[in-house]
Amino acid sequence: MKHFILFFCIFFVCHFSRADDLKLWYNKPAANWTEALPLGNSHIGVMTYGRVEREELQLNEETFWAGSPYNNINPQAKKSLPEVRRLVFDGKNQEAHQLIDRTFMTKQHGMTYLTAGSLFLDFVGHKQPANYYRGLDLSNAIATTRYKIDSVTFTRTLFASFVDDVVVMRIQADKVGALNFSLSYSAPLPHKVEIKKKSLNIQYEGIAQEGIPAALSLRGQVNVKCDGETYVSGDKLCIANAMEVVLYISLATNFINYHDTNGSAVKQLKLSLNKAMQRPYNVALDKHICAYRNQFARVSFKLAETEGPKLPTDERIKHFHEGKDQSLATLLFQYGRYLLICSSQPGGQPANLQGIWNKEVHAPWDSKYTININTEMNYWPAEVTNLSETHEPLWSMLKDLSVTGSEAAREMYGCKGWVAHHNTDIWRITGLVDGAYWGMWPNGGAWLAQDIWQHYLFTGNKYFLKKYYPILRGTADFYLDFLKPHPVYGWMVTVPSVSPEHAPNGCSSPIIAGCTMDSQIAFDALSNTLKASYIVGEDKTYQDSLKQMITKLPPMQIGKYNQLQEWLSDLDNPADEHRHISHLYGLYPNNQISPWKNPLLFQAAKNTLLYRGDMATGWSLGWKINFWARMLDGNHAYRIIQNLFNLLPSDDVVKDYPAGRIYPNMFDAHPPFQIDGNFGYTAGVAEMLLQSYDGAVHLLPALPDAWKTGKITGLVARGNFMIDMEWEGAQLSRAIVHSHIGGILRVRSYVPLIGRGLREAQGKCPNVFLESANIQKPLIAKGIHPQYPVLFRIYEYDLDTTPGGIYILERGDDNKVL
């Protein structure tokens, strides 16, 4: 049976990998880093340029960061907090801002994620190649470079093994003795290289930053297997007269966890390399492919009518607006899943601002964890695109933050529970960074922790919920202490805070009390903890305290422009196109704004989106795709997708390409590169095709006209239903439901459905995993006529399911409209 499963896995992989729509490919080498192709196994990342004469493999190790264990907490914050609050409530926001900068900040603003340098392969006489090809096959996580010199074809095959924890490169020539090249290593910081006849050993020290000494040291080793000769020449390991060479690359540091750096990098290297080199190359490759495809192959996505795969990927991007290459949209969707698999696996670190790929000593924003949107966005695709285990590193980080954040809550604010602000790093800092304008936002930890509740909704795993409930409760405990009554409105509000990175119209400082996003996140932290408390068996007194605080939060408000207000006061500017649309958190990723339960709020959110415009930074476009999907407007979501598919050749020509939002290697461009835009896009496409936040599993809720015919399999809805769908004429024709834990499925569709056991829905949705939030009635500005949305008619049905059951739903002819 084991042999059969392995055979089937390999057969399916080989068959599926022939699909051109799962390949990024190019007819020339990479000229810069954003043309290079990424591979990774969560622990090690590598960027391959595919250069002919001098190949570069730029390396990263997920735990190689600057600094050492620390936390950036200023104890003066607690002493000045009452005065800060008084100033904010008195309208002296700029004075409060200055006091925060003086007493809340430290000299530390987060450590940087470091590059691990580059391995170079110099090939003798490889000039003027013919038949050049380089590509990345997403179906098997393998990069290939192939070209011909004179009559000899050279092929390089590269993968980052998910089984053996090493990077493996096979270099082949189709002529005996034709391979002659040398290996060398270089890095932008001081390092040592020891060359032996069959290996290259690297020692690379981390750096101090902002007064925090370096504690991490990188060790690397490259082992060589070949059928030719090897010898040492200066700082190079040379290979001569070979036909096939296999390189095994391993990296490790002494990092154990955020407070322990006493690990042995050398021991880790030896374990990985010894295991990897004992396997025959083909066995190692097959095992890697099967391990990778165990996750990647869960979802397939096809759109009809495409001309794209005939062109190199960068050319396809240039021509996307012609509308003839919709499979490029599916490629970018699957690329996001690929990048998440490669940068976030159990036992590792969460994907940071650049995943695991970074070539700089000081990356943009240090490539840290920006937790006022970016890290959260990294994990939006995890559950819905069937990659639930990629979420595990985030649970580990949340566990760490709940410890370091309890110190911040206690020492900065005198509060129970735990808090993290808008940034953290590998050392799990929880204080403010970058000044009051950006850093005075005590909601980052609470937002991140909502993924615990969402994971429960998608899986129904009560054991998981009980295990991580203390972390979720810790965010609620913080709000129970931190929220204070507003002297004018009487609501309980966060103070001091900001609406992330954005100041009210006409204000020089963003420091406020009780912005809309803060209240929405506080509502989530309190209400989701309350729901979880019934499952884990919390005491009634605590539950009552949560209920009481929820009723005291500010309601959402519709302002004078029929918009959803960003602040307690009506200060929005309809001409403002700021990249952060934080007050729509309640629309996505949250479930507080429903077109059917809260239609006025829903339309106000739409007006806010219209005011903010359709162009933005790359990551913000990713968020807007999700917003417009929740608006049930597939054509508008597709318009945002078109804006994202604007090529930026490199960061050197940003001024010449002001609308550039995607690099040739399909990395998202802020610019510069931020990986959250890739993940936001993938989540957004999934949200266009399937939604499960608003009382039902909605099939094809926001399908654009451009995707008239298609098929997707393997998406996951809350309640642990896996959904396959086919459509024609931009309307659903067939769906298959795989019920993993059973329960009543309420399904929503724009077309009538038929299926065994399907019945017309009655009353409130009985499946608690699918319910939307119960919020307060919004306040409406005086003198306006609130607007109602125009919605498509819908059909709703209920279906009793059992664990492991499979149910087929097809388009029917029922004329009943619900």
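This tour moves through the structure stop by stop, stating what to select and what is found there.

**Before starting**

The model is predicted, so local features are reported only at pLDDT of at least 70 and side-chain atom pairs only at pLDDT 80 or more, while totals for chains, interfaces and linings use all residues. Residues are numbered from 1 along each chain as its sequence is written, and side-chain values use heavy atoms, with hydrogens and water left out.

**The whole chain**

Along the principal axes, the C-alpha atoms fill a box of roughly 85 × 70 × 55 Å.

Colour the chain by accessibility: 65% of the 818 residues count as buried. Buried means under 20% relative accessible area, exposed over 50%, and partly exposed in between (1.4 Å probe, protein chains only). Of the contacts in the chain with a separation of 6 or more, 70% are between residues 24 or more positions apart; contact means heavy atoms within 4.5 Å.

**Helices α2 and α10**

Select residues 76-89 (α2) and residues 392-413 (α10), whose axes come within 6 Å and cross at roughly 55 degrees. Axes are lines fitted to C-alpha atoms, for helices over the stretch in contact, and angles run from 0 to 180 degrees between N-to-C directions. The two helices, α2 and α10, are therefore oblique to each other. Under this scheme, angles under 35 degrees are roughly parallel, over 145 roughly antiparallel, 65 to 115 roughly perpendicular and the rest oblique.

Show the side chains of Ala-77, Lys-78 and Leu-81 in α2, which make the contact with Arg-410, Glu-411, Met-412 and Tyr-413 in α10. By class, this contact of α2 with α10 has four nonpolar, no polar and three charged residues. Ala, Val, Leu, Ile, Met, Phe, Trp, Tyr, Cys and Pro count as nonpolar, Asp, Glu, Lys and Arg as charged, and the others, Gly among them, as polar.

**Helices α7 and α19**

Next, select residues 327-343 (α7) and residues 676-689 (α19), which pack at an angle of about 125 degrees with their axes 8 Å apart. That angle makes α7 oblique to α19. The crossing of α7 and α19 is left-handed, meaning that the near helix is turned anticlockwise from the far one by less than a right angle, whereas clockwise would be right-handed.

On the α7 side, the contact residues include Leu-332, Phe-333, Arg-337 and Leu-340; on the α19 side, they include Phe-679, Tyr-681 and Val-685. The residues of the contact of α7 with α19 divide into ten nonpolar, four polar and one charged.

Then centre on Asn-352, in the loop between α7 and β18 (369-370). At 2% relative accessibility, Asn-352 counts as buried. Beyond its neighbours within four places in sequence, Asn-352 is in contact with residues including Trp-65, Tyr-113, Asn-378 and Ile-675.

**Helix α18 and its surroundings**

Select residues 634-644, helix α18: eight of its eleven residues are buried, so α18 is largely enclosed by the rest of the structure. Among the buried residues are His-636, Tyr-638, Ile-640 and Ile-641. The buried residues of α18 pack against α7, α16, α17 (618-630) and α19.

Move to Leu-610 in helix α16 (residues 599-612). With 44% relative accessibility, Leu-610 counts as partly exposed.

**Backbone stops**

Most residues other than glycine have a negative phi, and most peptide bonds are trans. The final selections depart from these patterns.

- Val-495 to Pro-496: the peptide bond is cis, with omega near 0 degrees; Pro-496 lies in the loop between β21 (492-493) and α14 (516-536).
- His-670 to Pro-671: this peptide bond is cis, with omega near -15 degrees; Pro-671 lies in the loop between α18 and α19.
- Asp-150: phi is near 55 degrees, a positive value in a residue other than glycine; Asp-150 lies in the loop between β7 (142-149) and β8 (152-160) and is exposed, with a relative accessible area of 76%.
- Asn-241: phi is positive, about 55 degrees, although the residue is not a glycine; Asn-241 is found in strand β15 (residues 236-242) and, at 42% relative accessibility, counts as partly exposed.

Key:
Helix = DSSP H or I, 4+ residues; strand = E, 2+ residues; numbered from the N terminus.
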